[in-house]
Amino acid sequence: MGDGKINEPILKGIIENSEKDEKISKFLIDLLYEEAEHPGGQWRWRENYRKKIEQYLYNEVLL
Amino acid sequence: MKIDKIILKNYRQFKDAEISFKEKSNFDLHVIIGKNGTGKTNILSAINWCLYGDEPNLSKDSRQLPLLNLKSMEEGDYGEDKEIMVEVWGKTLNNKFVIFTRKTIYNIYESGKNLPTRISSEFEVKVTDNKGNTEIFKDEESESQVERFVPKRIREFFFFDGERLDNYFKEATGQNIRHAIFEISQIDLLENRVESRLSDTLKDLRREAGKENPEIEDTRSQLETNEKQLKEFDEQIKECNKQIALAKDKIKDYDEKLRGIPDIEAVEVRRDEIKTLKQQKKELLDEKLKEKENLLFEYGKVVMLYSPIKQSIKIIEEKRKKGELPPTQDKSLLENMVKEKSCLICGRPFDADVKKRVEDLLKEIKLSSEVAKQLEYMEGPLHNFEDKVMNFNNIMQKITKEVKGYEDDLADYEQELIKIDAETSGYNSEKIKDWHKERKKFEDSFTQNLQKLGGIDGKRKDILKNIENLKGQLDDELKKEKKVKKLKNQIDFCTKALNVVKKTKEIIMSETRKKIEDRTKDIFFGLLWKKATFKDVKIEEDYSINLIHSLGYECLGSVSAGERELLALSFTLALHEVSGFDSPILIDTPVARISDEHRVNFGKIFSEVSSNKQTILLFTPAEYSKDIKELLDVRASNRFALKLSSDEKETRVEVL
């Protein structure tokens, strides 16, 4: 929304509530940006969510 | 996103116009001044038409006019195609340039006579990133781009008509305000996208694990059933809350409508009651009057003779006092003695002296004894009459008192009926009765939903407990099954992520509501001219907005149009500020309903807002009063005047 921008309070909230688990916070922020990039909600989210879980869980994404 | 410029071609009054909103000072403030009918509102409409393909702010009359510029129509030849185009150029915070272009081709039948016919339409969005790469989106994709930059669902929070601000809280229910807060603060993105999809992903992962082990599948299936049930309860709770909020709003609306108007139905019930009571009292009164009449007839003679009776009794009493009653000698005995010439008691014959003394005595007592006897005989009946008169007096007093009471009651009833007639005259009774009925309906709905909510809440708690137990059980089973180790890790990761999303959402929801409430209050009280009248601004749990009077009651329904407009504007500005939503704010006729002396307050707040948000204001010359002009002229980055051509078919935009 507003050019795929995520509001500051949401980003801060995700980081704080992840309790220093960077895998979780970065995974969620990634999802948020991805969702914001698809405002109509029409994208292949099911496989992308699964893919991202594996990527972040097994450190395939640089943290 | 900021609006860089708008280009209008053949759109309504604008045959060929361009309005640039480049920021030239510390205030991203842009002022457009135009008389009524010059096309001020059409600028707002042009933006809506370009981005969303509709013109919600146009009046019915304006909507009937052709979209194609009249001058262009006149200049066109028979059968010629004319293009209407509106372009909105925008720039985002991360330096992306976006151009929204909507074009419609019209064919002219016969110049100036028939309305042109629409041939084709297209909408395109061109996005250029900060490296110069350009992407062009058409059809559904272009609409998706609009949603990304300026979502249609919440456009009323950035492009709106100031004159409608007064109605803002009538039209925006708590649910709508909640929706706006959720959208602008992106709680919606968190809840309806990430949370919902993570939840579905978690279900998929568990289902896969279930395929490996029947025990896991059984627990998973139970868990899913319980979660489905929980979701249903949550939906029901949401619906109940929606109905409660709606009922509250409607009750408030009807209270406002019915303020000062009598409850006709209740009044009519009372009127019927009074009429029945009046009839009953009238019958009782008639009965008593009849009783009184009978009494007078029965006691009339006695009452009329009361004075002689009283006098007779007095005479008898006096005679008794004198010892005349009862008589001391027996007259007939004395007469017999005179006749026999001897004492009939002792038998001694009378001598001449005794005879003379007895004869003298007889003469003396002859008359008084008769009277005394008569009087003695009368005494009893006379006392009876006296008692009767006394009794008559008592009964008469009682009846008179009762008659007076009935007459007083009847007079009171008559007064009340006159009062009711005066109260209800001039009102449309049927309409008022309908309002009361409707209000009652919503009151019942409010109570029913509140009760229903209590019931669901209890069941929900039980289901939550079950879910926690089943989750623990599933976790144990997953730990035991080596084949699902990888899936277990993914389930754990997904569960943790989901919990973080839920927790964040809850915190953001509560904080956002509080922040918007605080900021609305700050802005409102900063602008308010009657500072002592109000005490607080509240955004309730159900997101309805309330203004609290200094005496403590909710008074949003009874405040002036200007105060309501001020609150609506304060809320909108707070929503923008707290959410950090990157959008312009455009207000048509921002101070139309604000009295002159208060316009300067609005001018100040617009200046303040424009220091960090693009603010476009469309004024009539009358609105742009001297005070506002002095304040905004020096701050505005751009000022434009709309000038209508002499033939009134084209508006030119002049830079001031």
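**Entry 1: nonpolar patch**

I began with the surface of chain B, where B:Leu333, B:Leu344 and B:Ile345 make up a nonpolar patch with about 280 Å² of accessible area together. Patch members have over 30% relative accessible area and no salt bridge; nonpolar side chains (Val, Leu, Ile, Met, Phe, Trp, Tyr) are joined within 5 Å, like charges within 9 Å. The accessible areas come from the Shrake-Rupley method with a 1.4 Å probe, and for residues only the protein chains shown count as cover.

A note on the source: this is a predicted model, in which local features need pLDDT of at least 70 and side-chain atom pairs count only at pLDDT 80 or more, while totals for chains, interfaces and linings use all residues. Residues are numbered from 1 along each chain as its sequence is written, chains are lettered from A and ligands numbered from 1 in the order in which they are written, and side-chain values use heavy atoms, with hydrogens and water left out.

I then placed B:Leu344 in the loop between α11 (331-340) and α12 of chain B. Helices (H or I, at least four residues) and strands (E, at least two) are DSSP runs, numbered from the N terminus. B:Leu344 is partly exposed, at 42% relative accessible area. My scale: buried is under 20% relative accessible area, exposed is over 50%, and partly exposed is in between (1.4 Å probe, protein chains only).

**Entry 2: positive phi**

I checked the backbone next. Most residues other than glycine have a negative phi. B:Lys341 is not a glycine, yet its phi is positive, at about 55°. I found B:Lys341 in the loop between α11 and α12 of chain B. B:Lys341 is partly exposed, at 49% relative accessibility.

A:Lys20 sits in the loop between α1 (8-17) and α2 (22-37) of chain A. A:Lys20 is exposed, with 82% relative accessible area.

**Entry 3: chain A as a whole**

I counted three helices and zero strands in chain A. The order along the sequence is α-α-α. Chain A has 63 residues, and 51% of them count as buried.

**Entry 4: domains and distances in chain B**

I looked up the division of chain B: domain 1 (1-150 + 586-656), domain 2 (199-261 + 428-507) and domain 3 (266-424). The bounds come from an automatic or database domain assignment. I read 106 Å between the C-alpha centres of domain 1 and domain 3 of chain B.

I took two residue pairs as well. B:Val127, in strand β6 (residues 117-128) of chain B, is buried at 7% relative accessible area. B:Val127 and B:Gly426 are 299 residues apart along the chain, with 62 Å between their C-alpha atoms. B:Ala411 belongs to helix α12 (residues 352-424) of chain B and is partly exposed at 41%. B:Ala411 and B:Lys278 are 133 residues apart in sequence, but 9.2 Å apart in space, C-alpha to C-alpha.

**Entry 5: negative patch**

I found a negative surface patch made of B:Glu135, B:Asp139, B:Glu140, B:Glu141 and B:Glu143. Lys and Arg count as positive, Asp and Glu as negative; His and the chain ends are not counted. The charge is placed at NZ of Lys, CZ of Arg, CG of Asp or CD of Glu. Which element gives the most to the negative patch? Helix α4 (residues 139-149) of chain B does, with four residues. B:Glu135 lies in strand β7 (residues 134-138) of chain B and is partly exposed at 49% relative accessibility.

**Entry 6: salt bridges**

I picked out B:Arg439 and B:Asp255, bridged at 2.5 Å, N to O. B:Arg439 is in helix α13 (residues 429-480) and B:Asp255 in helix α8 (residues 214-258) of chain B, so the pair ties together parts 184 residues apart in sequence. B:Arg439 is buried at 18%, whereas B:Asp255 is partly exposed at 31%.

I also noted B:Glu379 with B:Arg320, the closest N and O atoms being 2.7 Å apart. This pair links helix α12 to helix α10 (residues 306-322) of chain B, across 59 residues. B:Glu379 is buried at 14%, and B:Arg320 is partly exposed at 34%.

Last, I looked at B:Lys488 and B:Asp492, whose closest N and O atoms are 2.7 Å apart in a salt bridge. Both lie in helix α14 (residues 485-527) of chain B, four residues apart, about one turn of the helix.

Terms used
Salt bridge = Lys/Arg side-chain N within 4 Å of Asp/Glu carboxyl O.
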